[in-house]
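This report goes through a protein chain and its ligand, beginning with the whole chain and ending with single residues. Please keep the sequence and the model at hand while reading.

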Amino acid sequence: MIYGTLANGVRMPLVGLGTYKIPIDKIPDVLESALAFGYRKIDTARYYGNEDAIGRYLALSGVPREELFISTKMDVEFLYYTLSFMGHRKKLPIRKESLRNAFFRQLERLHTNYVDMYMLHAAIPKYYKYWGNEVGKLYKEGYIKSIGVCSFSKHDFELFEAELGFVPMMNQIEISPYNTNKEIISFCKEKKVQVEAFATFGTTKKKPEAAKDLLENEIILDLSRKYNKSSSQVILRWVLEQGISVIPKASSKEHLRENIDVLDFELSHEDMLQIDTLDKSIFHRYFRR
Ligand SMILES: NC(=O)c1ccc[n+]([C@@H]2O[C@H](COP(=O)([O-])OP(=O)(O)OC[C@H]3O[C@@H](n4cnc5c(N)ncnc54)[C@H](OP(=O)(O)O)[C@@H]3O)[C@@H](O)[C@H]2O)c1
């Protein structure tokens, strides 16, 4: 495994497993294979509804807790309900409680007494102050080892820092060859914020066919033949070589194995640039414009 070091000195595996939409009954099988293949970082969220299944499996897995990197998130739907008196969308089982209480329930579900990374699941400025203050306290108390945000633009970082007085250590954003997001990546580098990519294979809610389209793109296929690696491995390597961590979601053994087997080759500078040319910047579904 390769590791990165966050601005606060915490070490984080640069390849992890995304778990959104892995059905709960499949979690044990997926995690069994993932741990056997060497995954040590697991990305989940309150919203995914699988924290309990993940925590239960990891606690009994025999892998020492300190070897694991567990990252989870708090969604803005929860914050919306907690902070407003206007009712809420009934999609999620949310009870009105403090973020602190809800966080401790997440810890219980994850069968652990700390998380390695705690993130704000979306970029909505009206929640920064409350979320940042509460999470800042939990960080000082040692329940959270590092603080992250999702889909933050430069403007979001500026608002957050002005309000809270600190900069989150990670920004989890959508990055794929079709959506290279260079501007925010270079801003994060300047601020020493680790960038983490999701939807790396171009999957989007609106265009589920985009993954197939990207994995079968001619440039990607040519490079796949050149390096004797799969399209997905070429794409993951292109992300990693930018110093960005990856968390591909996979449910089959083949995909799980393939996605972690990306540490034994390097793309040339020219090939990195060739992949950059695929950028269409059209999938900014998570960023506010
Ligand atoms: N912070 C946020 O707002 C946010 C948003 C979206 C996602 N995320 C996180 O990021 C993770 C990854 O993002 P994602 O789930 O959107 O998309 P993704 O990891 O880019 O793509 C997942 C899809 O690609 C397929 N796949 C995986 N490995 C493959 C391979 N080697 N070859 C071909 N196909 C492969 C998977 O199929 P199989 O399942 O069949 O293997 C699945 O259909 C999520 O699970 C979640 O943890 C965060």
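What share of the contacts in the protein chain with a separation of 6 or more comes from residues 24 or more positions apart? Such residues account for 72% of those contacts, a contact being heavy atoms within 4.5 Å.

## Basis of the values

The model is predicted: local features need pLDDT of at least 70, side-chain atom pairs count only at pLDDT 80 or more, and totals for chains, interfaces and linings use all residues. Residues are numbered from 1 along each chain as its sequence is written, and side-chain values use heavy atoms, with hydrogens and water left out.

## The chain as a whole

The protein chain has 12 helices and 10 strands; these are DSSP runs numbered from the N terminus, with helices being H or I of at least four residues and strands E of at least two. Of its 289 residues, 55% count as buried. Buried means under 20% relative accessible area, exposed over 50%, and partly exposed in between (1.4 Å probe, protein chains only).

The accessible surface of the protein chain comes to about 13400 Å². Carbon and sulfur atoms hold 52% of that surface. Accessible areas come from the Shrake-Rupley method with a 1.4 Å probe, and for residues only the protein chains shown count as cover.

In α1, the buried residues are Ile27, Val30, Leu31, Ser33, Ala34 and Leu35. They pack against β3 (17–18), β4, α2 and α11. Gly38 follows α1 and has a positive phi, near 110 degrees. Helix α2 (residues 51–60) buries Glu51, Ala53, Ile54, Gly55 and Leu58. Its buried residues pack against α1 (27–37), β4 (41–43), β5 (69–74) and α4 (99–109). Just after α2, Gly62 takes a positive phi of about 85 degrees.

β4 and β5 pair in the parallel sense over 3 bridges; two strands pair if DSSP finds at least two bridges between them. In β5, 6 of 6 residues are buried. In a regular strand the side chains alternate between the two faces of the sheet. Both faces of β5 are covered, with Phe69, Ser71 and Lys73 on one side and Ile70, Thr72 and Met74 on the other.

## Ligand shell

An N or O atom in the side chain of His255 is 2.6 Å from an oxygen atom of the ligand. A ligand nitrogen atom lies 3.1 Å from a polar side-chain atom of Glu258. A polar backbone atom of Ala199 is 3.3 Å from an oxygen atom of the ligand. On its own the ligand has 900 Å² of accessible area, and the protein covers 85% of this.

Most residues other than glycine have a negative phi, and most peptide bonds are trans. Ala199 has a positive phi of about 55 degrees although it is not a glycine. Ala199 sits in the loop between β9 and α8 (210–215) and is buried, with a relative accessible area of 14%. Lys192, in the loop between α7 (182–190) and β9 (194–198), has a positive phi near 60 degrees. At 62% relative accessibility, Lys192 counts as exposed.

Thr200 is also in the loop between β9 and α8. Thr200 is buried, with a relative accessible area of 3%. Leaving aside neighbours within four places in sequence, Thr200 is in contact with Ile175, Ser176, Pro177, Leu214, Ile235, Leu236 and Val239. In helix α10 (residues 231–240), 10 of 10 residues are buried, including Ile235, Leu236 and Val239.

Terms used:
A polar contact is a pair of N or O atoms within 3.5 Å; within protein, one must be able to donate a hydrogen and the other to accept it, and residues adjacent in sequence count only if both atoms are side-chain atoms.
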